[in-house]
Amino acid sequence: MHSVGETYVRAVHEAGGVPVIVPPMLKDFDWHPLLLRLDALLLSGGEDIAPLHYGEGPESWLGGVDEERDASELGLVGQALDLQIPILGICRGHQLLNVVLGGTLYQDLTAQLPQALEHALVPGRPMESIAHSVTIEADSRLAGVLGGVEFGVNSAHHQSVRSPGEGLRVVARSEDGVVEALEIPDHPFCLSVQWHPEAMLKVNPTMEPLFRAFVQAAAEG
Ligand code: MN
């Protein structure tokens, strides 16, 4: 079975896009013909990325990994960047974009950055609940899209961006300094967030403009 959370699919649909689900099991695949027929790429959340992709061995606190999905998505995102198609990365997708561009991750915030807030999903807390605030760089695309620089966001990650990859700008952080959003300044539309805007939509409209801007960029591409 290949599946993706309904909230991602619904978020794209409700913003006016046509969602197409791409199975992440195609290693060493030439994505180019498919990418030419897609208008944009949304990178969904999921497992940890195997640390070998950013030059590290696995530490004991690493979560589950999916080697086939890693290989598949790393190839897909690399080719999508070459084609400059719009990209929106969410959670794992945000970390994946960073790794494709040579950045590194904290394998576990609690172990490696103990002064950080609790960013993992606490048992019993709904996915859409606000967990912490983020401050966005005022001159970033993300601030322009969302129409502000301070937002409460949800949080369901135990890893985070450590050093940003080449060409990526850190455009949002939580109050503990954890990187919460990235973008490529000279790209038509390439941005990523560590939180889950698709899960916030059902209770909170603040992230609707992000999906509308993403679909708009896809339509213009
Ligand atoms: Mn967070």
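Residues are numbered from 1 along each chain as its sequence is written. In this predicted model, local features need pLDDT of at least 70 and side-chain atom pairs pLDDT 80 or more, while totals for chains, interfaces and linings use all residues; side-chain values use heavy atoms, without hydrogens and water.

Start with the overall form. A compact globule of 221 residues would have a radius of gyration near 17 Å, and the 16 Å of this chain agrees with that. The radius is taken over C-alpha atoms, and the globule rule is 2.2 Å times the number of residues to the power 0.38. Along its principal axes, the C-alpha trace spans about 45 × 40 × 35 Å. Of the 221 residues, 48% count as buried (under 20% relative accessible area, with a 1.4 Å probe and protein chains only).

Next, look at the fold. The chain has 8 helices and 9 strands, which are DSSP runs numbered from the N terminus (helices: H or I, at least four residues; strands: E, at least two).

Now find the manganese ion. Which residues coordinate it? They are His119 (ND1), His132 (NE2), Ser155 (OG), His157 (NE2) and Glu180 (OE), at 2.3 to 2.4 Å. Donors are N, O and S atoms within 2.8 Å of the metal (3.2 Å for Na, K and Ca); water is not among the atoms, so sites may look incomplete. Both serine 155 and histidine 157 are buried.

Conventions. Buried < 20%, exposed > 50% of the residue type's maximum accessible area, 1.4 Å probe, protein only.
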